[in-house]
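Dear colleague,

I am passing on the structure we discussed, and below it you will find what turned up when I went through it. Please read the notes with the structure open beside you.

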Amino acid sequence: MFSLSWLPDKLYLKIFYFFTTGRYLNFKKPVSFTEKQQWLKVNDRHPEYTQLVDKLAVREHIKEVWGGEHLFPLLGKWERFDDIDFDALPEQFVLKCNHDSGSTNVIKSKAELTPEKLSEMREFYNRRLSRNYFYAGREYPYNGIKPYVIAEQLMKDENAPDKSIEDYKFFCFGGEPKVMFVATDRSTDCRFDFFDMDFNHLDIVNIHPQADKPIPKPEKFDEMKEIAAKLSKGIRFVRIDLYELNGKLYFGEYTFFHGGGFRRCQPEEWEKRLGDWIDIT
């Protein structure tokens with residue numbers, strides 16, 4: 001779909017929405033959760049959102065509104081992959097791009113960095129650095145971000161250091177978190193489980209299946225709700241991603257279009273209910 005970057009946004013989104021969902025996109029009277037996210041892409045553009053999705057620039061915002069202690073430590077940033085001094089990095093770290101989604105590489109040991117692995121990573125990140133992520137789903141906040149490869153400290157749960165850390169993602173509507181999901185076992189068999197704001201399990205299925213084990217309520221769940229509301233204030237819809245790790249909360253990212261706005265929820269009633277919560281009047 002990148003070859004269609006010349007298409008106007010509305011036409012592109014209508015084509016891509018039908019291609020991914022098998023449904024026609026109604027821009028005039030959007031109803032569902034995914035439809036309204038497409039409407040927001042075209043009709044609710046705010047230049048300040050670009051800072052919020054930029055994984056480098058957003059750090060200053062979080063420092064101002066919440067505190068720098070809630071950020072994963074930044075180890076470096078580079079405009080080119082070949083500029084990375086791997087000798088200067090710790091034994092374990094995380095690489096990702098600041099301007100896109102899905103570019104994360106978790107390095108658990110430098111022994112992994114064989115010449116073959118480095119060659120693969122070089123090709124991968126050079127391709128990512130040359131790409132304007134905006135064109136994939138016309139997610140306007142990504143347009144114009146200066147791309148970097150960044151390295152962050154690999155964070156671990158002290159009680160389960162080999163386990164993937166849980167990701168808590170809050171759907172916020174006009175600054176009010178109403179639904180959230182927990183992403184578990186991300187490195188092996190990712191599962192998404194949705195909950196209401198009293199941590200009652202919901203029957204929503206979206207992108208990944210539900211876990212086949214109970215999901216414990218995070219200790220700082222009430223604090224999570226408060227910070228999600230604070231970070232999403234004044235925004236019609238945004239997903240706020242947080243982590244609870246070793247008794248402390250950390251910021252993950254701002255996501256203005258969950259699944260790019262193309263991944264419908266099941267059962268269908270949730271598409272309507274979540275859509276109702278996005279106020280486009």
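A salt bridge is taken here as a side-chain nitrogen of Lys or Arg within 4 Å of a carboxyl oxygen of Asp or Glu. Please keep in mind that this is a predicted model.

With that cut-off, K55 is a lysine to look at: K55 is buried and yet forms no salt bridge, the nearest side chain of opposite charge being that of E253, 4.1 Å away. K55 sits in the loop that runs between α3 (49–53) and α4 (58–65), and a polar atom of its side chain lies 2.6 Å from the backbone oxygen of D100. Setting aside residues up to four places away in sequence, K55 touches K96, C97, N98, D100, I150 and E253.

As for the aromatic residues, a search of the whole structure finds 29 pairs. One of them joins F72 and Y250 in a tilted arrangement, with 5.2 Å from centre to centre and 50° between the planes. Because F72 lies in the loop between α4 and β1 (74–78) and Y250 in strand β9 (residues 248–255), this pair ties together parts that are 178 residues apart in sequence. F72 counts as buried at 11% relative accessibility, and Y250 counts as buried at 10%. Elsewhere in the list of aromatics, F33, F171, F173, F181, F192, F194, F237 and W277 form one cluster.

Definitions and conventions: Residues are numbered from 1 along each chain as its sequence is written. This is a predicted model: local features need pLDDT of at least 70, side-chain atom pairs count only at pLDDT 80 or more; totals for chains, interfaces and linings use all residues. Side-chain values use heavy atoms; hydrogens and water are left out. Helices (H or I, at least four residues) and strands (E, at least two) are DSSP runs, numbered from the N terminus. Buried means under 20% relative accessible area, exposed over 50%, partly exposed in between (1.4 Å probe, protein chains only). Lys and Arg count as positive and Asp and Glu as negative; His and the chain ends are not counted. A polar contact is a pair of N or O atoms within 3.5 Å; within protein, one must be able to donate a hydrogen and the other to accept it, and residues adjacent in sequence count only if both atoms are side-chain atoms. Contact means heavy atoms within 4.5 Å. Rings of Phe, Tyr and Trp (its six-membered ring) pair if their centres lie within 6.5 Å; planes under 30 degrees apart count as stacked, over 60 as edge-to-face and the rest as tilted.
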